[in-house]
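Here's a friendly walk through one model, a stop at a time. Have a look at the sequence and the 3D view first, then read on.

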Amino acid sequence: MHALTMARKLWGALGITWLAILLLMGWMNWQNRQTIQQERQDTLRHMVSAAQHQLAALSEQVKRGDLSIDQAQARGREAIASIRFGDGDYLFAFDPAMRILVHPVFERGTDMSDYQDSGGNMIFHMLMDVVRRQGNGFVTYHTTRAGGEEELPKLTYMDVYAPWDWYIGTGVYLDDIDTAFHASLLRSLVILLVIGVPMTLLMGWIIRDTTRRLGGDPAYAARVVRYIADGDLTRTTQLAADDRDSLLFHINRMRESLLDTIRAILHSADDVNSAVLEIRGGNDELATRTEQQAASLAETASSMEQITATVKQNADHADHARRLAGDTEDRARAGRGAMEQVIELMQAITQSARQMSSIVDTIDGIAFQTNILALNASVEAARAGEQGRGFAVVASEVRNLASRSADAAREIKALIEGAHAQVAQGSRQVQDTGDIIASMSHDMTQLNTLISEISTASTEQSHGIGQVNQAVTQMDQMTQQNASLVQESSRASEKLATLSKVMRERASRFTVAD
């Protein structure tokens, strides 16, 4: 039975249904026949009982003395003979000697002890035996209808009226029951064919359509689904060449789709596992680098604090230098004014030296003229002789004085010229010094400006370094947070690795081709 396909099972079930319907129909018609026969038996009992009641009434009259026994039995025979029912059915009676008392065919007194049917059955012996064994009962035998030649089955009911020892019976032919049974059976068969044939055709179409929609036997489909449920995706599904819309076709599509999905999951699990290993290694390296960065940032923060203090000190020094530069600039400006006065004095001294040189020239000229005059006086004294000897001495002395005055004037002139040269050189040096002091004043002004800018820049640098220090502190905090995040990422990567392992273990229960 397990080797049968669903279509064969359905066709077998349809055949069994047909057989069951036929058996049910036959049983129902047989039950109907039995019901008719039971009704006939009840009718036979009723008719015999009615005859017995009439005989009992006649017996009461005999007891009362209204009738003699002969009169009562004669009336009883008439009463039995007058009873008719059905299609000419009648009652009959015979005595213990099997002689006819009442019968529409046989005459009264006819000995029926040797009467038998076509099968050799002694009919009246059978009728008497059933009464003697059971008190009453039914006997079936074959006999001919009145005026007929064909022997037909007949059912006879026999009972006895004990007071008179009369065996009373009646019977019916069973051929009409069989005819009605066959007619009912034929009618049921026709109805069954009228209803059953279209239903059978419909069931056949349903079976073929169901088989086509399934694409194969349900047992095979269940086996394919069981393979898929067990994780074996390598078994191919046997389909018809033109099958594109059956259950098995879509199950095979599901298997192929699931096969591709599981392959992708396995490959993805491998990729995820590799990525997780890389992430884990990267997290470990990142954790190490983060720790190193945190240590470096701590050192940087400490260095930045020192730099901040140094820059602040430099800013203070720059501010102090700015103030000193301002003071120096003021002093340089005052020195420049003093040098301008010195220059003016040197120019006045130079002018005085020029005037002294002019005076010395004048003195030199006077000495030269005096020398000439002394020379002339000597000449005149020489001419005067003795009278002019004293004047000659005076002239000689004057000439000596003039010569000495000329020498002194020349020396003074040389000294004045030397002093003039020195004054000129000093004036030039003073001028140069004034220029240098002016340049220094200008440079000090620029230096003061630069120092002011340096002081401002140092202040801004101190502020900026403070912000950098704050940023480094925030970076240190963020680095600590990053370290925590790296640890969480490491835990997440480990969890992801576990999930990847679980996913691969769950996906590995499916068997796929390499």
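UniProt, in an unreviewed entry, marks residues 468–495 as a "coiled-coil region". UniProt positions follow the numbering used here, feature names are shortened, and annotations may be inferred rather than shown by experiment. In the model, residues 468–495 are 100% helix and 0% strand, with 38 Å between the end C-alpha atoms. Helices (H or I, at least four residues) and strands (E, at least two) are DSSP runs, numbered from the N terminus.

Before going further, some ground rules: this is a predicted model, where local features need pLDDT of at least 70 and side-chain atom pairs count only at pLDDT 80 or more, while totals for chains, interfaces and linings use all residues. Residues are numbered from 1 along each chain as its sequence is written, and side-chain values use heavy atoms, with hydrogens and water left out.

The record, again an unreviewed entry, also lists residues 12–30 and 189–207 under "transmembrane region". Residues 12–30 come out as 100% helix and 0% strand, with the end C-alpha atoms 26 Å apart.

Ile191 sits in helix α4 (residues 175–214). (Buried means under 20% relative accessible area, exposed over 50%, partly exposed in between, with a 1.4 Å probe and protein chains only.) Gly426 is 235 residues from Ile191 along the chain, and their C-alpha atoms are separated by 160 Å.

The expected span is 1.5 Å times one less than the number of residues.

| Helix | Length | First to last C-alpha | Expected span |
|---|---|---|---|
| α2 | 14 residues | 20 Å | 20 Å |
| α3 | 12 residues | 17 Å | 16 Å |
| α5 | 12 residues | 16 Å | 16 Å |

In α2, the buried residues are Ala72, Gln73, Gly76, Arg77, Ala79 and Ile80. They cover an arc of only 165 degrees around the axis, so they sit on the same side of α2. (The arc is that of the directions from the helix axis to the C-beta atoms.) On the face of α2 turned away from that buried side are the exposed residues Asp70, Glu78 and Ser82.

α3 buries Ile123, Phe124, Leu127, Met128, Val130 and Val131. Looking down the axis of α3, these fall within an arc of 155 degrees, so they line one face of the helix. Exposed Arg132 and Arg133 are on the face of α3 turned away from its buried side.

In α5 it's Tyr220, Ala221, Val224 and Ile228 that are buried. Their arc, seen down the axis of α5, is within 100 degrees, so they line one face of the helix. After α5 comes Gly231, with a positive phi near 95 degrees.

Last stop: the largest pocket, which holds about 380 Å³ of space. Which residues are closest to its centre? Of the 21 lining residues, they are Tyr90, His103, Thr144, Lys154 and Tyr173. (A pocket is an open set of points on a 1 Å grid over the protein atoms alone where a 1.4 Å probe fits, with protein on both sides within 12 Å along at least five of seven lines; lining residues have an atom within 4 Å of a point.) β2 (89–94), α3 (123–134) and β4 (136–144) each supply at least two residues of the lining.

Note on methods
Grid points are joined across faces, edges and corners, and a volume is the space filled by probe spheres set on the points.
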